[in-house]
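Colleague: Could you take me through this model, with the cut-offs behind each term?

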Amino acid sequence: MLKTDTILIPIPALFSFQECLWFLNRNYDDCLHEIRQDSIYKALEVKGEMVLIKVTENGAFLELDVLEGDIDADGKEYLVAYVKDWFDMDNAIQPFYDLLKTDGRLAYMTDRYKGLRLIGISNLFEAICWSIIGQQINLSFAYKVKRALVERFGKSITRDGVSYYVFPEAAILAEVSKEDLKAIQFSSQKADYMIGIAKAFASGALSKEMIIDLPDFESRKKALTAHKGIGIWTANYALMKCLREPQGIPFGDIGLLNALANHNIIQDRKEIEKINALFAQYAGWESYLVFYLWRSLTVREPA
DNA sequence: CCCCAGGACGTCT
DNA sequence: AGACGTCATGGG
């Protein structure tokens, strides 16, 4: 099928496609998108149909091309909303920069990482599963496990001999066996956690809409941590990446702690009061601060 | 063998 | 509430 659909999305102030690309391409092997020549290729499922999109920069616009899959006007609208949410394009982040500029230790970020946006995970089930996979293991291994899971249980669409995957549906993962997951290097505990979460989503006991409808951050966090396998770190990570809760601070995150130590904001990992004092200065932009601190971490070279 | 990695959970005080 | 031990798995 030939490419026919091109959509242009205006780029807002303080937005850098190159910085967003850096995050998506930071030497980790993420199976849910591919980057070639400054373009992002990603599979999505739109109204039950697999679609392959390409996102690239085109002057003052992001260019969104539908490479595979038939979509109607509603589908286009969905894709535009998806990309805007993915790159947090509707968020005016100048107030965050104003805060950074008053912070001697972090002011440099407004230049060095200018235009970096908090890259999201719009699927709550995926966001939770990904954070469960990432619990207490190094990121390289976490991406390896995710790839095995996605390539085994996720739908895909192929173009030019390359397959692009979407994250598996909850209904599928709800039915897999613990042994299936252990075979792709899940720990026995994480296998139980993820099957349990998948069953909750598959049955409707848990959903993004339900969490959004809760009145405030604390009740959302409680609703998530009520499930086995979702602790403070996982709940806050999911709320930060999916629901874009500013208060979604993944407390205890080793990367966050390392970044704070690198900036001499803390000396050791137990200085909770210093961490709280820092985030108090960034009220409303806590999750952005976390993301920028992650950005500051040097990334290992690929093996 | 050791320690570490984008933690969670139980069980003690 | 908060500290501590335990659980799993792969990488260095």
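Modeller: Helices (H or I, at least four residues) and strands (E, at least two) are DSSP runs, numbered from the N terminus. This is a predicted model, in which local features need pLDDT of at least 70 and side-chain atom pairs count only at pLDDT 80 or more, while totals for chains, interfaces and linings use all residues. Residues are numbered from 1 along each chain as its sequence is written, chains are lettered from A and ligands numbered from 1 in the order in which they are written, and side-chain values use heavy atoms, with hydrogens and water left out.

Colleague: Which element gives the most residues to the surface near DNA strand B?

Modeller: A residue is near a strand if one of its heavy atoms lies within 4 Å of it, and 23 residues surround DNA strand B in this way, the closest being R26, L139, K228, G229 and Y237. With four residues, the one that gives the most is α12.

Colleague: How far apart in sequence are the parts that the pair of F15 and F87 ties together?

Modeller: Rings of Phe, Tyr and Trp (its six-membered ring) pair if their centres lie within 6.5 Å, with planes under 30 degrees apart counted as stacked, over 60 as edge-to-face and the rest as tilted. F15 and F87 are edge-to-face, at 6.4 Å centre to centre and 90° between the planes, and both are buried, meaning under 20% relative accessible area with a 1.4 Å probe and protein chains only. Because F15 lies in the loop between β1 (5-10) and α1 (17-24) and F87 in the loop between α2 (73-86) and α3 (94-101), the pair ties together parts separated by 72 residues.

Colleague: Why is the pair of Y28 and Y143 stacked?

Modeller: Y28 lies in the loop between α1 and β2 (34-36) and Y143 in helix α6 (residues 139-153), 115 residues apart. Their ring centres are 5.3 Å apart, and the pair is stacked because the planes are at 20°.

Note on methods. Buried < 20%, exposed > 50% of the residue type's maximum accessible area, 1.4 Å probe, protein only.
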